[in-house]
Amino acid sequence: MPSIHNPSGALPARFRRQRVLIVGCGDVGLRAASLLRGRVQVLALTSSPERVSALRAAGVRPLVADLDAPQSLRRLAGLADRVLHLAPPANVEGARWWHDARTTALVRALRQRSLPAALVYGSTSGVYGDCGGARIDETRAVRPHTPRAHRRVDAERAVRWLGRAGVATRILRIPGIYAPDRPGGTPHERLRKGTPVLRSEDDVYTSHIHADDLARICVAALWRGGTQRVFHASDDTALKMGDYIDLAADLYGMPRPPRIARDAAQAQLPVSLLSFMGESRRLDNGRLKKELRVRLRHPTVATGLRPAS
């Protein structure tokens, strides 16, 4: 009830459940929400009113606002104790093609009142660019090659700016996400189409993370890990892309795709796929295991599939 110490009637923070706000509550966000449900109050930002009922059914309190409309974010100020930010940057053309206005708008809104204790941002391993297949840790300097990766670097800068104000910020650099129950979460459709892969001498290393493991990493990072830290949210596999697709084909019982030279790929494959084939790196996840203390449940089969019985 209201008191002279708290005229609004809201209970002090020490007497209520913590509130976690998920920004970008898609597949991984919903998996994280299911882990948090019952332990904290889970809120989710959505720009789509039609998603409200589905979010409520998942035990999440929906907040209708739009990262592309900063004025709609005012209600977020002082609302949450911890924030999980998984929203991707918008595609931008023109002079500010490198800028992530969404993360900037979110950070500015959060700074208007009492700050959250922690913010976790889901970035991408693409911020490193091509590393020539080297195994890298989080001390590697970023060198983005694509507009999408440049926008992620800009978002990381905005998150660090919030960290300097006293928020425990943690950045997850995420590689390819897989799961059989995730839309596009396996190479099945690619195998069905017979999309070629690079021959071994031209192929690139890729890293992966299962969607369930990623959700567990996100939840752990809301409470654990040093502030202003970067973590590789990656499992223990380090496969070349063609070997990854071959493994999936074998587990599905489907034909392996044809192997082609890089020059031929330039003429046959879409630009979006070629961008992934132009970067090779292997992520070290030692800091993840040491500081976040997350035991990965899917470290060996990067497809998320199992052989048919």
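In this predicted model, helix α1 spans residues 27-36, and its buried residues are Val28, Gly29, Arg31, Ala32, Ala33 and Leu36.

What do the buried residues of α1 pack against? Their partners include four strands, namely β1 (19-23), β2 (41-46), β4 (82-85) and β8 (176-178). A helix, α6 (211-221), joins these strands in the packing around the buried residues of α1. After α1 comes Gly38, a residue with a positive phi, near 95°.

Stepping back to the whole fold, the protein chain holds ten helices and 15 strands. Its radius of gyration is 21 Å, close to the 19 Å that the globule rule gives for 309 residues, so the chain is as compact as a globular protein of that length. Along the principal axes, the C-alpha atoms fill a box of roughly 75 × 50 × 40 Å.

Burial and contacts round out the picture. Of the 309 residues, 50% count as buried. When contacts between residues at least 6 apart in sequence are considered, 76% of them join residues at least 24 apart.

Carbon and sulfur atoms account for 50% of the accessible surface, which comes to about 15,000 Å² for the protein chain.

Notes: Residues numbered from 1 in each chain as written. Predicted model: local features only at pLDDT ≥ 70, side-chain atom pairs only at ≥ 80, totals over all residues. Heavy atoms only, no water. Helix = DSSP H or I, 4+ residues; strand = E, 2+ residues; numbered from the N terminus. Rg over C-alpha atoms; globule rule 2.2 N^0.38 Å. Buried < 20%, exposed > 50% of the residue type's maximum accessible area, 1.4 Å probe, protein only. Contact = heavy atoms within 4.5 Å. Areas by Shrake-Rupley, 256 points an atom, 1.4 Å probe, with all protein chains shown as cover.
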